[in-house]
Amino acid sequence: MTARHQPLDDLDRRWTEAEVGGDTATLDGLATDDFTLVGPAGFVLSKQQWLDRYRDGDLRMQALRFEGAATRVYGDTALTIGRQIQEADYHDRPVNGEFRVTRVAVRDDSGWRLAGLHLSPIAGPPAGARRPAQ
């Protein structure tokens, strides 16, 4: 079942605000120790590597929106699929784009926390793919 889930909406708001602000202390607190990010080109970052991009100034996020989120909750685990629109620079090169994001969150004594993010570029259907009947 997909539904709005206020505590998870709050997690998403805090996460996106912290990324835009380069607020590594907030991001550190929002993520589990074994947090993993899979980037849009298939690279994998540990929590430390994810945070270091902000600490070192390599990644600067000017704007970030997470929208169209649909969440399914399974006990203390939540899977959310949404769309991320970002304006950012990595090593002073633009990395703007729209990505499909799968966000995994887990609930512990402190509330909902980020366990993983997986980003994929949003593109059209592959060449030769059939379009659904209208």
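Predicted model: local features only at pLDDT ≥ 70, side-chain atom pairs only at ≥ 80, totals over all residues.
Q: Where does helix α1 lie, and which of its residues are buried?
A: An α-helix has 3.6 residues a turn, so residues three or four places apart point the same way. Now the case here. Helix α1 covers residues 6–21. Its buried residues are Leu8, Asp9, Leu11, Asp12, Trp15, Thr16, Ala18 and Glu19.

Q: What covers the buried residues of α1?
A: The cover includes two helices, α2 (24–30) and α3 (47–55). It also includes strands β3, β4, β6 and β7 (111–121).

Q: How does the span of α1 compare with what its 16 residues should give?
A: At 1.5 Å a residue, the helix should span 22 Å. Its end C-alpha atoms are 22 Å apart, so the two values agree.

Q: Which residue follows α1, and what is its phi?
A: Glycine 22 follows the helix. Its phi is positive, near 60 degrees.

Q: How do I read an aromatic pair, and how many does the structure hold?
A: A pair of aromatic rings is described by the distance of the centres and the angle of the planes. A search of the whole structure finds two pairs. One of them joins tryptophan 15 and phenylalanine 66. Their ring centres are 5.1 Å apart and their planes stand at 65 degrees, so the pair is edge-to-face. The cut-off for that label is over 60 degrees.

Q: What does tryptophan 15 touch beyond its neighbours in sequence?
A: Leave out residues up to four places away. Tryptophan 15 then touches Leu27, Leu30, Trp50, Phe66, Gln84, Val101, Leu114 and Leu117.

Q: How many residues does the largest nonpolar core have, and which have the most contacts inside it?
A: The core has 26 residues. Trp15 and Trp50 have the most contacts inside it. The elements that give two or more residues to this core are α1, α2, β1 (31–38), α3, β3, β4, β6 and β7.

Q: Now the charged side chains. How many salt bridges does the structure hold?
A: Twelve. One of them joins arginine 103 and aspartate 12, at 2.9 Å from N to O. Arginine 103 lies in strand β6 (residues 97–108) and aspartate 12 in helix α1, so the pair ties together parts that are 91 residues apart in sequence.

Q: What about the bridge of glutamate 67 with arginine 83: how far apart are the closest N and O atoms?
A: They are 2.8 Å apart. The pair links distant parts of the chain. Glutamate 67 is in strand β3 (residues 59–74) and arginine 83 in strand β4 (residues 77–90), 16 residues apart. Glutamate 67 is partly exposed at 27% relative accessibility. Arginine 83 is partly exposed at 25%.

Q: Which parts does the bridge between aspartate 76 and arginine 107 tie together?
A: The two side chains meet at 3.0 Å, N to O. Aspartate 76 lies in the loop between β3 and β4 and arginine 107 in strand β6, so the bridge ties together parts that are 31 residues apart in sequence. Aspartate 76 is partly exposed at 45% relative accessibility. Arginine 107 is partly exposed at 37%.

Q: Where is arginine 113 found, and which backbone oxygen does its side chain reach?
A: Arginine 113 is in strand β7. At 16% relative accessibility, arginine 113 counts as buried. Its side chain reaches the backbone oxygen of glycine 29 at 3.4 Å.

Q: Which backbone atoms lie by the side chain of glutamine 62?
A: Glutamine 62 is in strand β3. The backbone oxygen of arginine 60 lies 3.3 Å from a polar atom of its side chain. The side chain of glutamine 62 also reaches the backbone nitrogen of alanine 88 at 3.3 Å. Glutamine 62 is partly exposed, at 41% relative accessibility.

Note on methods:
Residues numbered from 1 in each chain as written. Heavy atoms only, no water. Salt bridge = Lys/Arg side-chain N within 4 Å of Asp/Glu carboxyl O. Helix = DSSP H or I, 4+ residues; strand = E, 2+ residues; numbered from the N terminus. Buried < 20%, exposed > 50% of the residue type's maximum accessible area, 1.4 Å probe, protein only. Phe/Tyr/Trp six-rings, centres within 6.5 Å; stacked < 30°, edge-to-face > 60°. Expected span 1.5 Å × (residues − 1). Contact = heavy atoms within 4.5 Å. Core = buried A, V, L, I, M, F, W, Y, C linked by side-chain atoms within 4.5 Å. Polar contact = N/O pair within 3.5 Å; in protein donor to acceptor, adjacent residues only side chain to side chain.
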